[in-house]
Amino acid sequence: MGNIRYRWLALIAVAAGVAGWLVNDWATRNSLPAPALSVYGLLTVLLIAGTTLFLGLRVRRWQQGNRDRELDPIAAARTLVLAQANAYAGALLLGWHAGIFLDQLPLWALRPGHTATWAALAMIAGGVLMISIGLLVQRFCRLPPDDFNGNGGNTGGPNSAREPGDGEYA
C-alpha cells in the first residue's frame, strides 16, 4: 500500500474549495442557507478521528514491543486504510468549508449571528484534525526499514531486495 500523496490532498482541498465557493454563492443568490455541516457533523468528525487514533495507537503499541497479543495483520491494514480515508475526507471537508467561509466573509457585517461562518470554521478545524490524525496513524502503521516480518529482523523474505530505509506497512 502506498503513502498518501500530499499533492492529491491539496488538489482535493482546492477542488472542494472551489465547489464550496460556487455552491454557497449560488445558495446565497437564491436566498438559501449556506451548505455547511452543523455541530452534529463536527461531533461525527471527532468520533471518526478519535476512533482512527485509538486504532492507530494500538498498532503503534505493538510496534514498540508491547506484543503480549498477536497483531492481526488484517486489522493493521484496515487501520491504515481508515487513516488514509480519514486524511482524504478531511481534505474534502477542509476545502468545502474553506470555500463557504471565504464566500461568507464579505457578508460578516450584514448578517446577524454568523451561524454559517462559525459552522464553516468549526468544520475547517475538523478537516485539519482529520488530515493530521490520518497522516499520524499512517506513520504509526509503518514498520521499521529492516523489519519486514514484524519480529525485529530481516528474514530474507520477498522484501529482502528492498533498498535500505524502505519500510513496509504493518
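A crossing of two helices is called left-handed if the near helix is turned anticlockwise from the far one by less than a right angle, and right-handed if the turn is clockwise. With that in hand, welcome to this predicted model, in which local features need pLDDT of at least 70, side-chain atom pairs count only at pLDDT 80 or more, and totals for chains, interfaces and linings use all residues. Residues are numbered from 1 along each chain as its sequence is written, and side-chain values use heavy atoms, with hydrogens and water left out.

## Overall picture

The protein has 4 helices and 0 strands, where helices (H or I, at least four residues) and strands (E, at least two) are DSSP runs numbered from the N terminus. Along the sequence the pattern reads α-α-α-α. Of its 170 residues, 34% count as buried; here buried means under 20% relative accessible area, exposed means over 50%, and partly exposed lies in between (1.4 Å probe, protein chains only).

The accessible surface comes to about 10,100 Å², and 64% of that belongs to carbon and sulfur atoms. These areas come from the Shrake-Rupley method with a 1.4 Å probe, and for residues only the protein chains shown count as cover. Among contacts (heavy atoms within 4.5 Å) with a separation of 6 or more, 78% link residues 24 or more positions apart.

## How the helices pack

Two packed helices are described by the angle between their axes and the distance between the axes. The axes are lines fitted to C-alpha atoms, for helices over the stretch in contact, and the angles run from 0 to 180 degrees between N-to-C directions.

| Helix pair | Angle | Axis distance |
|---|---|---|
| H3 (residues 73–104) and H4 (residues 115–140) | about 155 degrees | 7 Å |
| H2 and H4 | roughly 15 degrees | within 9 Å |
| H2 and H3 | roughly 145 degrees | within 10 Å |

How are H3 and H4 oriented to each other, parallel or antiparallel? At an angle of about 155 degrees, H3 is roughly antiparallel to H4. On this scale, angles under 35 degrees count as roughly parallel, over 145 as roughly antiparallel, 65 to 115 as roughly perpendicular and the rest as oblique. H3 passes H4 in a left-handed crossing, and their contact has 20 nonpolar, 10 polar and no charged residues. For these classes, Ala, Val, Leu, Ile, Met, Phe, Trp, Tyr, Cys and Pro count as nonpolar, Asp, Glu, Lys and Arg as charged, and the others, Gly among them, as polar.

With axes crossing at roughly 15 degrees, H2 is roughly parallel to H4. The crossing of H2 and H4 is left-handed. On the H2 side the contact residues include Leu-42, Val-45, Leu-46, Leu-53 and Arg-60, and on the H4 side they include Met-123, Leu-129, Ile-133 and Phe-140. By class, this contact has 15 nonpolar, 5 polar and 1 charged residues.

H2 and H3 also make a left-handed crossing. Among the residues of their contact are Ile-48, Leu-55 and Arg-58 of H2, together with Thr-79, Leu-82, Asn-86 and Leu-93 of H3. The residues of the contact of H2 with H3 divide into 10 nonpolar, 4 polar and 1 charged.

Gln-104 is found in helix H3 and counts as buried at 3% relative accessibility. Not counting residues up to four places away in sequence, Thr-117 touches Phe-101, Gln-104 and Trp-108.

Trp-108 belongs to the loop between H3 and H4. At 33% relative accessibility, Trp-108 counts as partly exposed. Leaving aside neighbours within four places in sequence, Trp-108 is in contact with His-114, Thr-117 and Trp-118.

## Two other loop residues

Most residues other than glycine have a negative phi. Ser-31 has a positive phi of about 55 degrees although it is not a glycine. Ser-31 sits in the loop between helix H1 (6–29) and H2, and at 69% relative accessibility it counts as exposed.

Asp-72 lies in the loop between helix H2 (39–63) and H3. With 42% relative accessibility, Asp-72 counts as partly exposed. Its C-alpha atom is separated by 9.5 Å from that of Val-59, 13 residues apart along the chain.
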